[in-house]
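Load the structure in a viewer and keep the sequence alongside. The paragraphs below go through pockets, cavities, sheets and confidence.

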Amino acid sequence: MISLDVVWWIVFARLTNHGIGRVIISIFMIAMMAGLITVIVARMSRAGWDRVIPKFAVSAIFIWHFIGLGLLSLIALALIPILLGQKIVRVARNTPSPTTRSVEAPAWNRREFLRFAGAMLPPVFTFSLTGIAMAQLNNIRVRRFVLSILDLPKELDGTTIAQVSDMHVGRFTNGDVLQKMVRMVNEMRADLILLTGDLINDALADLDTGLELTRALEARFGLAIIEGNHDLIENPAEFETRVLASGIPFLLDQSTTVSVRGVPVQLLGLSWTRVQGEGRDAAIASSVRKLLEQRDAAAFPILMAHHPHAFDAAAEAGLPLTLSGHTHGGQLMLNEQLGFGPAMFRYWSGLYTRGRSKLIVSNGVGNWFPLRVNAPAEIVHLTLRRE
């Protein structure tokens with residue numbers, strides 16, 4: 001990313017002949033590079049002093065490096081053949097290239113204005129999206145589903161579940177929005193509250209806050225939590241040890257049974273599968289099958305799995321309900337079917353059904369990345385109905 005910053009700094013500085021344009025683009029690029037290095041060094045050192053950087057500035061750094069640079073690089077790859085073709089044509093016709101005006105005496109004509117405007121694209125693009133992101137960071141919706149479950153015990157008809165996923169307590173999700181989330185969940189007066197992973201964004205310094213928020217959630221019959229991949233970034237063993245010691249029901253490839261109106265409901269919690277690459281889905285399926293060996297035939301089962309691809313093995317086993325997160329609803333989506341969600345996952349947002357089995361994938365409450373497009377942050381409210 002730093003290398004691309006330097007390359008595009010040179011490109012945009014050469015694009016404009018106006019001194020003020022070069023000063024603006026230089027300040028922007030230096031700020032973006034310095035900010036990125038600061039965030040990386042602070043995260044690697046676990047010092048936490050990157051927290052003094054304003055949220056707007058950190059959001060701009062993320063948006064520029066994860067979106068701006070990527071889009072520019074794609075555009076450049078598309079333009080290279082065109083520019084090379086024009087160069088070849090000029091050489092073949094022996095036509096001299098257009099001359100560039102002197103830096104000392106620029107002319108503010110139409111062409112120079114367009115070049116200046118083009119050079120200003122990086123800061124304008126970045127700060128515009130950052131403004132949108134900042135407006136979104138405190139927004140949470142409630143997404144409601146009524147699920148018809150075959151053979152649901154009649155005593156569980158009308159059971160409600162609040163699913164809180166991907167809280168990501170930390171860099172972008174902190175302060176008032178978290179208290180707002182607690183109030184919204186508690187106002188639901190749900191029978192069960194189930195947290196499906198990524199309690200923290202990455203830093204264990206935020207774990208105590210995450211645990212306090214979890215303790216503040218009020219369920220009528222039971223609450224449980226599982227881990228997600230972001231929980232394990234800094235120190236997996238320490239995260240698991242501290243959550244287990246908190247007294248909050250924390251399911252690591254384990255199950256617990258709670259009584260809802262006198263009927264046993266078995267919560268099966270899948271640990272994060274740490275296999276990477278092509279073998280990940282097979283490893284997830286294997287973990288699900290092993291976890292389901294604990295299944296109690298007398299209880300109504302609910303699988304909590306951070307990665308939604310666990311649904312394949314759950315459906316194969318006839319499990320009626322699986323709750324997942326991880327995808328953030330695709331984070332950046334053109335519409336419901338186009339975007340990072342379907343490009344990366346088989347299941348990315350909402351309700352999926354296979355035979356008698358149902359999957360709910362939550363967009364999540366919090367953010368590791370500040371901007372969402374057509375994938376709003378959400379708390380999921382489920383009502384189970386006997387089919």
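Pockets, cavities and sheets

H3 supplies the largest share of the lining of the second largest pocket, namely 5 residues. This is a predicted model, in which local features need pLDDT of at least 70 and side-chain atom pairs count only at pLDDT 80 or more, while totals for chains, interfaces and linings use all residues. Residues are numbered from 1 along each chain as its sequence is written, and side-chain values use heavy atoms, with hydrogens and water left out.

A pocket here is an open set of points on a 1 Å grid over the protein atoms alone, with protein on both sides within 12 Å along at least five of seven lines; a cavity is a set of points where a 1.4 Å probe fits but cannot get out, and lining residues have an atom within 4 Å of a point. Grid points are joined across faces, edges and corners, and a volume is the space filled by probe spheres set on the points. The second largest pocket holds about 620 Å³ of space. Its lining has 25 residues, and those nearest the centre are Gly330, Gln331, Leu332, Phe340 and Trp368. Helix H3 (55-93), helix H5 (121-136) and helix H11 (340-344) are the elements that give two or more residues to this lining. Helices (H or I, at least four residues) and strands (E, at least two) are DSSP runs, numbered from the N terminus. By class, the lining of the second largest pocket divides into 14 nonpolar, 10 polar and 1 charged. In this scheme Ala, Val, Leu, Ile, Met, Phe, Trp, Tyr, Cys and Pro count as nonpolar, Asp, Glu, Lys and Arg as charged, and the others, Gly among them, as polar.

How many cavities of 30 Å³ or more are there? By this rule the count comes to 3. The largest cavity has a volume of about 70 Å³, and its lining includes Glu227, Trp272, His306 and His307. That lining divides into 5 nonpolar, 4 polar and 1 charged. The second largest cavity has a volume of about 40 Å³. Among the residues that line the second largest cavity are Val164, Asp166, Leu195, Asp198 and Ile225; by class the lining has 5 nonpolar, 3 polar and 2 charged residues.

Strand E3 (residues 192-196) runs parallel to E4, and 5 bridges join the two. Within this pair, Ile193 stands opposite Leu223 in E4. Contact means heavy atoms within 4.5 Å, and axes are lines fitted to C-alpha atoms, for helices over the stretch in contact, with angles from 0 to 180 degrees between N-to-C directions.

Another open sheet has 6 strands in the order E5-E6-E7-E8-E10-E9, again with mixed pairing. Strand E5 (254-260) and strand E9 (350-354) each have a single partner strand, so one side of each is left without a neighbour in the sheet. E5 pairs with strand E6 (residues 263-269) in the antiparallel sense over 7 bridges, and the bridge partner of Gln254 in E6 is Gly269. The hairpin of E5 and E6 has 2 residues between the strands, and Arg261 takes a positive phi near 55 degrees there. Strand E8 (residues 321-324) and strand E10 (residues 357-361) pair in the parallel sense over 4 bridges.

Last is confidence. The protein averages a pLDDT (the predictor's confidence in each residue, from 0 to 100) of 91, and 95% of the residues score at least 70. Over residues 102-106 the pLDDT is below 50, and this stretch has 4 contacts in the model beyond near neighbours in sequence. Where pLDDT is low, the predicted coordinates should not be read in detail.

Note on methods
Pairing = 2+ DSSP bridges.
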